[in-house]
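Morning, everyone. Please bring up the sequence and the model on your screens.

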Amino acid sequence: MASAQDPRDNHLLAMLPDDALASWSPRLEPVDMPLGQVLYEPGVRLSHVYFPTTSIVSLLYVMEDGASAEIAVVGNEGIVGISLFMGGESTPSRALVQSAGKGFRLEAAAMLQEFNRAGPVLHLLLRYTQALITQMSQTAVCNRHHSLDQQLCRWLLLSLDRLGGSELVMTQELIANMLGVRREGVTEAAGHLQRAGLIHYRRGHITVLDREGLERRTCECYAVVKREYDRLLPQDKRD
């Protein structure tokens with residue numbers, strides 16, 4: 001079990017009205033989220049939603065042959081398990097911790113009780129869902145039309161936005177699974193970025209040396225997603 005932490009380290013929880021956060025606080029359970037932990041599998045009814053604080057969760061679509069590709073990432077800006085309050089109760093995707101850290105989880109009943117009041121919490125969660133759908137849509141476009149170098153830059157930038165530092169603990173195999181490509185492709189793309197002085201990669205550790213350089217090298221997909229999150233979920237405002 002995770003040690004004590006502040007729910008407001010998750011930006012979505014920090015944006016809740018005071019009364020909503022107060023009602024949830026006794027039921028928010030701090031949890032450790034180790035690398036590789038599966039929070040839910042496709043088709044399984046969700047019992048909890050998760051609010052990462054220092055961890056990052058990858059939402060993956062898994063094919064029948066076991067191949068997978070990432071459709072979105074969720075970190076301290078959001079919530080894992082939107083299908084619970086969108087009416088589906090389960091999802092065809094897998095939620096996998098791609099960067100170890102901490103977070104909170106909340107029982108499904110508590111989430112639905114507040115959501116069904118149709119007040120500020122509902123509107124906040126719907127805005128977040130719209131931002132997440134934008135990320136999913138842009139990921140699909142990016143994977144179809146842009147180079148692996150650009151995809152890797154986008155993925156690194158999205159991950160950095162959800163972490164406090166500039167270092168990611170990530171194996172090439174895991175990155176390949178996220179992007180839906182072969183390990184050799186990740187090796188080549190990471191090599192290009194390292195030779196350009198943008199990152200340093202060693203034994204599963206990626207250190208970003210030049211974030212601005214990554215932003216210049218990536219495609220427009222990263223900026224589209226970031227603008228939508230900033231528009232719908234401005235961090236300097238609360239409901």
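Start with the parts list: this protein has 10 helices and 10 strands. The radius of gyration is 18 Å, close to the 18 Å that the globule rule gives for 239 residues, so the protein is as compact as a globular protein of that length. Keep in mind that this is a predicted model.

Now the overall dimensions. Along the principal axes, the C-alpha atoms fill a box of roughly 50 × 40 × 35 Å. How much of the protein is buried? Of its 239 residues, 51% count as buried. The accessible surface is about 11200 Å². Carbon and sulfur atoms hold 51% of that surface.

Next, contacts. Take those with a separation of 6 or more: 76% of them join residues 24 or more positions apart.

A word on charge. There are 24 positive and 28 negative charges. Their mean positions lie 2 Å apart.

Now zoom in on helix H4, residues 108–115. Which of its residues are buried? They are Ala108, Ala110, Met111, Glu114 and Phe115. These residues cover an arc of only 170 degrees around the axis, which means they sit on the same side of H4.

So what does that buried set pack against? Two of the partners are strands: S3, at 48–52, and S7, at 101–107. The partners also include helix H2, at 18–24, and helix H3, at 83–86.

Technical notes. Residues numbered from 1 in each chain as written. Predicted model: local features only at pLDDT ≥ 70, side-chain atom pairs only at ≥ 80, totals over all residues. Heavy atoms only, no water. Buried < 20%, exposed > 50% of the residue type's maximum accessible area, 1.4 Å probe, protein only. Helix = DSSP H or I, 4+ residues; strand = E, 2+ residues; numbered from the N terminus. Arc of directions from axis to C-beta. Contact = heavy atoms within 4.5 Å. Rg over C-alpha atoms; globule rule 2.2 N^0.38 Å. Areas by Shrake-Rupley, 256 points an atom, 1.4 Å probe, with all protein chains shown as cover. Lys, Arg positive; Asp, Glu negative; His and termini not counted. Charge placed at Lys NZ, Arg CZ, Asp CG, Glu CD.
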